[in-house]
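Hi everyone, thanks for coming. Please have a look at the model on the screen, and I'll walk you through a couple of spots in it.

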Amino acid sequence: MKRYRTWAYLNAEGKQAWGDIFPNGAVPVQSMLPQTATLEGIEAAERVFIVAWKDLTPQQQDAILEKLSKQHKASKDAILKDITKKGLPLREKYTDGSGTTRLGFFV
């Protein structure tokens with residue numbers, strides 16, 4: 001299992017949606033604190049973690065692009081451009097919590 005500095009753990013619903021890409025349930029995120037975001041196609045704001053895209057393996061990145069491309073009927077390039085510009089949100093409702101190895105966060 002690869003160790004990330006900051007991660008969110010997928011719950012059962014999250015594993016159903018993303019477990020094929022994150023089989024150990026740990027998703028690297030930029031911060032262990034979720035933030036409020038307005039997601040396209042969702043009327044109300046939702047709490048999300050921003051995935052640490054650069055911490056993913058090339059295989060994980062490609063699998064995410066493939067999955068999102070099929071879901072949204074958009075090209076991988078368009079999705080990657082959006083991820084690069086805005087980040088990749090992971091809905092908090094798909095997680096059971098988060099953690100970090102950054103001890104300074106608690107000081």
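Let's start with a side chain: that of T100 makes a polar contact with the side chain of T6, at 3.2 Å. By polar contact I mean a pair of N or O atoms within 3.5 Å; within protein, one must be able to donate a hydrogen and the other to accept it, and residues adjacent in sequence count only if both atoms are side-chain atoms. A polar atom of the T100 side chain also lies 2.9 Å from the backbone oxygen of R5.

A word on the model: it is predicted, local features need pLDDT of at least 70, side-chain atom pairs count only at pLDDT 80 or more, and totals for chains, interfaces and linings use all residues. Residues are numbered from 1 along each chain as its sequence is written, and side-chain values use heavy atoms, with hydrogens and water left out.

Where does T100 sit? T100 is found in strand β6, residues 95–100; strands are DSSP runs of E, at least two residues, numbered from the N terminus. Is T100 buried or exposed? T100 is buried, with a relative accessible area of 15%, because buried means under 20% and exposed over 50%, with partly exposed in between (1.4 Å probe, protein chains only).

Now over to strand β4, where five of six residues are buried. β4 runs antiparallel to β3 (residues 35–37), joined by three bridges, and pairs in the antiparallel sense with β5 (residues 88–91) over four. Pairing here needs at least two DSSP bridges between the strands. Look at V48 in β4: V48 is the bridge partner of Q35, and V48 also stands opposite R91 in β5.
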